[in-house]
Amino acid sequence: MAGLPDLSFEEQKKTISISNFCERLGDHLHPADYEQIRLILLIYDNKNLISFLKHGETEYQFAGNYNAEIFMDQVEKLASILPEIDLLPGYMVKLIMDHYDNESAADPGKYDKILAEGYYHHVMKTGTPFLKRVTEFDYNMKNLLATLQTGKHNLFQMEVIVGENSLADYLKGLGGKNIVPDSEFEFFNEIQAYAGSHSFTEAERKYDMLRWKMIEEALFFEYFSHDWLLGYLLKLLIIRRWSSLNHDSGEQNLRKLIADI
């Protein structure tokens, strides 16, 4: 994998495409190691699966592992009389089963949270220590932001918190109380400060800068290791979000882009 261009958050120039990068990884990595790449890309499959279940099709996310045909094949396997080997991760299969089970009556409005919970547990069970650390950081940040936002509107925080760790348990137990800074989450104060920004675009940019900083700190002593490649992909995904925006796109388009992640 020598020859990969250096990545910079501040200088988000055109670089290697994500599909090209993943294809190169597929040619060089052992299948077991490439599964960690697939873990990262599952965040796009979650969105695709929701689209498939709600509309019978999917606006294919370029970086996903699965498409509508595979989702349909999984549905048919579940309807088979004889046991079949699942094509999708267990948490996705469970949602599909609940979706088509009339007695279960799964609430489509909660599919995002159900899949987010499933993804979190899936990574915590099968990811590398580095990927677990990054995923937990992402969920901590999203949970804190969700709590700050719901607090403004007097909503019940427990309904929006995802994952299971000390910060998630603390936020679930707030019950409308004020958030007290948690020293266990290193960027707690920064995120609280950014959440008060009047510019959605600027706040999101600062959140991604924190994610970038966290990735670099976690890989400070790594170079072209398996985890280094995972971090490189995560950085490419961050750059993709911002390089697809131009100066005239405005906050409305950014909000739509954020919602597609």
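**Helix packing in a predicted model**

Visitor: At roughly what angle do the axes of H4 and H5 cross?
Guide: The axes of H4 and H5 cross at roughly 155° and come within 9 Å. That makes H4 roughly antiparallel to H5 (an angle over 145 degrees). Axes are lines fitted to C-alpha atoms, for helices over the stretch in contact, and angles run from 0 to 180 degrees between N-to-C directions.

Visitor: Before we go on, what kind of model is this?
Guide: This is a predicted model, where local features need pLDDT of at least 70, side-chain atom pairs count only at pLDDT 80 or more, and totals for chains, interfaces and linings use all residues. Residues are numbered from 1 along each chain as its sequence is written, and side-chain values use heavy atoms, with hydrogens and water left out.

Visitor: Back to the pair. Left-handed or right-handed crossing for H4 and H5?
Guide: H4 passes H5 in a right-handed crossing, where the near helix is turned clockwise from the far one by less than a right angle.

Visitor: Which residues in H4 meet H5?
Guide: From H4, Tyr91, Met92, Leu95 and His99 meet Tyr111, Ile114, Leu115, Gly118, Tyr119 and His122 in H5. Contact here means heavy atoms within 4.5 Å. By class, the contact of H4 with H5 has 7 nonpolar, 3 polar and no charged residues.

Visitor: And which residues of H4 are buried?
Guide: In H4 (residues 90–100), the buried residues are Tyr91, Met92, Val93, Leu95 and Ile96. Their cover includes H2, H3 and H5. Buried means under 20% relative accessible area and exposed over 50%, with a 1.4 Å probe and protein chains only.

Visitor: What about glycine 90, buried or exposed?
Guide: Glycine 90 is in H4 and is exposed, with a relative accessible area of 52%. Glycine 90 and histidine 122 are 32 residues apart in sequence, and their C-alpha atoms are 8.5 Å apart in space.

Visitor: H2 came up. Where do H2 and H5 stand, roughly what angle?
Guide: The axes of H2 (residues 31–55) and H5 (residues 111–126) cross at roughly 160° and come within 10 Å. H2 and H5 are therefore roughly antiparallel to each other, and their crossing is right-handed.

Visitor: Which residues meet there?
Guide: Among them are Gln36, Leu39, Ile43, Asn46 and Lys47 in H2, and Tyr111, Asp112, Leu115 and His122 in H5. The contact of H2 with H5 divides into 11 nonpolar, 4 polar and 3 charged residues.

Visitor: New topic. Where is asparagine 65?
Guide: Asparagine 65 is in the loop between H2 and H3 (68–78). Asparagine 65 is buried, with a relative accessible area of 16%.

Visitor: What does the side chain of asparagine 65 reach?
Guide: The side chain of asparagine 65 reaches the backbone oxygen of arginine 38 at 3.0 Å. At 2.8 Å, the side chain also makes a polar contact with that of aspartate 45 (a pair of N or O atoms within 3.5 Å, one able to donate a hydrogen and the other to accept it). Leaving aside residues up to four places away in sequence, asparagine 65 touches Arg38, Leu41, Leu42, Asp45 and Ile70.

Visitor: And the whole protein, how many helices and strands?
Guide: There are 11 helices and 0 strands; helices are DSSP runs of H or I with at least four residues, strands runs of E with at least two, numbered from the N terminus. Buried residues make up 43% of the 261 residues. Of the contacts with a separation of 6 or more, 57% join residues 24 or more positions apart.

Note on methods
Angles under 35 degrees count as roughly parallel, over 145 as roughly antiparallel, 65 to 115 as roughly perpendicular and the rest as oblique. Ala, Val, Leu, Ile, Met, Phe, Trp, Tyr, Cys and Pro count as nonpolar, Asp, Glu, Lys and Arg as charged, and the others, Gly among them, as polar.
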